[in-house]
Amino acid sequence: MTGIVDVGGGLRGIYGAGVFDYCLDRGISFDYCIGVSAGSANIASYLGGQKGRNRSFYLDYSFRKQYMSLGNLLHTGSYLNLDYVYGKLSNHNGENPLNFQAIKASKSIFKVVALNVLTGETVYFDKNDLSQDNYDIFKASSCIPVVCKPYAVNGILCCDGGLADPVPVQKAFDDGCDKVAVILTRPRDFVRVPKRDMRMAKLVRKKYERVSDCFLLRYKKYNDEVALAKKYEKEGKVLLIAPDNCCGMKTLTRDRKRLEEMYQKGYTDAKAIDSFLA
């Protein structure tokens, strides 16, 4: 069974959008797809057969104040309006509907990673947690603490999957994959340091103690899981797809030129998938 992992990374996730558009152009399919944060949305459009859809969300919609703005933060408590992204834009009668029927009909297994806010445990959602115009699992996985309020899915209050299982390569193998392509949105040798996560941990400590604990461990989880992916890579079981640089982009950097550069890097770097799956 072949699998693909998309780790997301906010607007850097446009790199993964490029990878999946290449796959759609080449007719490349995977038996198993698992996405974290924005990576889950990339996979949704890919399974829906919607080339270019995610590119529009990064390059066009993200610049709208309804998508992210201080106004959103003041009025709703969330800087990112994920109800706008995965609701008003994505619903069947929205501006850019997600092809839900194609996702459900796809033979590919689809998993979405999130964090249980109250317990600190990892939650893996699947297609059974999706229904037409109910895309809460994407909201939950993409919900960055401090920037967004948590989302409840099936009665479970959730937030950012990147705090739970940032590079779920082992999950893919545990679920039966033999070969896995892993999309990173930072260079392959990037090493995460705890400094910024410590600041975030302090900000959420009073309200969400378990989330704070996960922030403190995130750097280690990410580094350990990338190291594990490299180990599998040496064994021929993993293909790491990663940009040589981030084009100066951070998680929420809105710069059309840089976003376009990241997209093109993803599309070009995806060519390595051909020989990996041959």
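1. Helix α3 gives the most to the lining of the largest cavity, with 4 residues, and α2 (38-47), α3 (53-59) and α5 (82-88) each supply at least two. Helices here are DSSP runs of H or I with at least four residues, numbered from the N terminus. A cavity is a set of points on a 1 Å grid over the protein atoms alone where a 1.4 Å probe fits but cannot get out, and lining residues have an atom within 4 Å of a point.

2. The model is predicted, so that local features need pLDDT of at least 70 and side-chain atom pairs count only at pLDDT 80 or more, while totals for chains, interfaces and linings use all residues. Residues are numbered from 1 along each chain as its sequence is written, and side-chain values use heavy atoms, leaving out hydrogens and water.

3. The largest cavity has a volume of about 250 Å³, a volume being the space filled by probe spheres set on the points, which are joined across faces, edges and corners. Of its 19 lining residues, Ala38, Tyr58, Tyr67, Val85 and Tyr86 lie nearest its centre.

4. The largest pocket holds about 680 Å³ of space, a pocket being an open set with protein on both sides within 12 Å along at least five of seven lines. Among its 29 lining residues, the closest to its centre are Arg12, Arg186, Arg192, Arg218 and Thr251. Both α9 (195-204) and α10 (209-234) give two or more residues to this lining, and the largest share, 4 residues, comes from α9.
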